[in-house]
Each structure stands twice: as C-alpha cells, then as structure tokens.
Amino acid sequence: MRNNRITELFGIDYSIIQGGMVWVSGYKLASAVSNAGGLGLIGAGSMYPEVFREHIQKCKKATDKPFGVNLPLIYPDIDKMVAIVIEEGVKIVFTSAGNPNTWTAKLKAKGIKVVHVVSSIKFALKAQQAGVDAVVAEGFEAGGHNGREETTTFTLIPMVKEHLEIPLIAAGGIASGRGILAAEVLGADGVQIGSRFAVSTESSAHIKFKKMVTELQDGTTQLTFKELAPVRIIKTSTIKNC
Ligand SMILES: Cc1cc2nc3c(=O)[nH]c(=O)nc-3n(C[C@H](O)[C@H](O)[C@H](O)COP(=O)(O)O)c2cc1C
C-alpha cells in the first residue's frame, strides 16, 4: 500500500499491521514485522505484567522501528499493563474487548497513539467519539474473538467508511496482496492481519498449529460461544492426526 493516513500516523513504510495475538505475537514476531516496514504488535492478553514488560524491552532492542502493543481491556490487571506501557515509553496501543472510553484519554495524554478494534458501525463511532486515532473494523471471519453481529469484513468496511472520519483499518480474512488490495478498494486505509502472521516462523504458535492452519480448507472453522464471547475455532472433526 502506498503512503497514506496509516503510514503517516505510525511512521511506517507499509500500512500492514500484524494483529496482537494471545500466545502468538511476542517480541520476536512484532519486531520482525516492524523491521520489515509494517507495524508489529505485542499481544499482551496472554502475558503476566512482568512478562509483558520483558517482551517490550526485548522488542526495543530488536528493532528501532515503530512497534505497538495490543491490550484487551477485559484483562484483569489492565491498570498494571497500562502503567508498564507508559513506563516503557510504548508509543502505540491497540485496545480491544472493552470500552474505549475507559483508557483512551489517559493514554493519549501521555502522547500515545490509540487504535480500538470494533465489529460494527455503532462501536466504530463510539471509538471515534472516545478520541482514538484510528479504528480496526474486524469482520467475523477473523481468527480469535469476534463480534456478535456476525458481519463479514467486506460488508463491514464500506459501511464503516461511510460514517467514519478517522483512518480505518480492515481485519478478518485478509492474508494476501489481493486481499489487501480488495480492502483498500472498499475504503480501508490499512489492514490488520492475524492468522497469516500466526503461521510465520517468528510466531510463537506451536509448529503443529501452524501446519494445521496452513492446511485448512474452506468450511473447517466455526464460531462458538456465540452468546457469551464468540470465538472462531478449528472444527476438531476436520483435524487429521489430532
Ligand atoms: C490465535 C489468535 C489470537 C488472537 N488474539 C487476539 C488478542 O489477544 N487481541 C486482539 O485484539 N485480537 C486478537 N486476535 C485477532 C487478531 O489480532 C486479528 O485482528 C485477526 O486475526 C484478523 O483476522 P485474520 O486472522 O483473518 O487475519 C487473535 C487472532 C488469532 C488468530
């Protein structure tokens, strides 16, 4: 993607963001993506606070390019995580799974760029009103937790685009140059990619998980826990030698 509002916002070469992923995106993956000109995010959701601090410190040593962290706001020790972000001088925070009103102003007061992940127009506007710098609009084909609305990425992006003034990042089901181009045509200023990065060498996912995800065909994942906290899983019936 050419220079645009996302490359300018973060000071990166390509408007490609590696999504924060529990158990998957530590400093190795985040720094590799940032070194390659995208934006790598350390996924804080599976880390104890001191482990999180260690990953930030290692990431600072592994890259002199911009990188960020993903903070799921439902994290029990979220206040400790925010304190670490500020103490360690992290400049970019992607928040998810919670109310953007709670932390956005506090983070921005420290000069931190804040982006919030949403799954609907309503929540995109709420995030914009909370003062975030950009929004990730994620369709329900995405890996990880999904919105209850079950809206697909390529229907969500043009709808959100019509209403949003701040930069828009598309996520969910994007894993190739063609997907990135399609998202851009529909109005996205950048993309956030998860599963494709989860299977990369630098990801901390288990090699069996990487192999399994790489070999999956259509119809082999499904949304579960729809009422409680929808999450996309691989159907065990489709896994060979599990
Ligand atoms: C294994 C895995 C773990 C994830 N963990 C998180 C997380 O902790 N916080 C978050 O905001 N999103 C999380 N996500 C979502 C990603 O950041 C990203 O938005 C999503 O994977 C994009 O869809 P894609 O997998 O189709 O590329 C996770 C995704 C995966 C695959």
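Helices here are DSSP runs of H or I with at least four residues, and strands are E runs with at least two, both numbered from the N terminus. The model shown in every view is predicted.

**View 1**
Helix α2 covers residues 27-35. Its buried residues are Leu29, Ala30, Ser31, Val33 and Ser34. An α-helix has 3.6 residues a turn, so residues three or four places apart point the same way. Just after α2 comes Gly37, with a positive phi of about 105 degrees.

The ligand is surrounded by 17 residues. The closest are Asn70, Glu138, Gly173, Gln192 and Ser195. By class, the shell holds 11 polar, five nonpolar and one charged residues.

Glu138 places a polar side-chain atom 2.4 Å from an oxygen atom of the ligand. For Ser195, an N or O atom in the side chain lies 2.5 Å from a ligand oxygen atom. Gly143 takes part through its backbone: one of its polar backbone atoms is 3.2 Å from an oxygen atom of the ligand. On its own, the ligand has 600 Å² of accessible area, and the protein covers 87% of that.

Strand β9 runs through residues 190-193. Gly190 and Gln192 point one way from the strand, while Val191 and Ile193 point the other way. All of these residues are buried. β9 pairs with β1 in the parallel sense, over three bridges. In this pairing, Ile16 stands opposite Val191. β9 is also joined to strand β8 (residues 168-171) by three bridges, again with the strands running parallel. Here Gln192 is the bridge partner of Ala171. Gln192 is also listed among the residues closest to the ligand.

Ser15 sits in the loop between α1 (5-10) and β1. Its relative accessible area is 0%, so Ser15 is buried. A polar atom of its side chain lies 3.3 Å from the backbone oxygen of Asp189.

**View 1. The open sheet β7-β11-β10.**
Three strands form an open sheet in the order β7-β11-β10, with antiparallel pairing. β7 (144-145) and β10 (221-224) stand at the edges with a single partner strand each, so one side of each has no neighbour in the sheet. Two bridges join β7 to β11 (residues 231-234). Across that pair, Gly144 stands opposite Arg232. β10 and β11 are joined by four bridges. In that pair, Thr221 stands opposite Ile234.

**View 2. The hairpin turn between β10 and β11.**
β10 and β11 form a hairpin with six residues between them. Phe225 lies in the turn, with a positive phi of about 50 degrees. Phe225 is a residue other than glycine. At 54% relative accessibility, Phe225 counts as exposed, because the cut-off for that class is over 50%. Glu227 is found in the loop between β10 and β11. Glu227 is exposed too, with a relative accessible area of 70%. The C-alpha atoms of Glu227 and Asp133 are separated by 30 Å. Along the chain, the two residues are 94 residues apart.

The loop between β7 and α7 (153-163) contains Glu150. Its phi is near 55 degrees, a positive value in a residue other than glycine. Glu150 is partly exposed, with a relative accessible area of 35%.

Methods. Residues numbered from 1 in each chain as written. Predicted model: local features only at pLDDT ≥ 70, side-chain atom pairs only at ≥ 80, totals over all residues. Heavy atoms only, no water. Buried < 20%, exposed > 50% of the residue type's maximum accessible area, 1.4 Å probe, protein only. Near = heavy atom within 4 Å. Polar contact = N/O pair within 3.5 Å; in protein donor to acceptor, adjacent residues only side chain to side chain. Areas by Shrake-Rupley, 256 points an atom, 1.4 Å probe, with all protein chains shown as cover. Nonpolar A, V, L, I, M, F, W, Y, C, P; charged D, E, K, R; others polar. Pairing = 2+ DSSP bridges.
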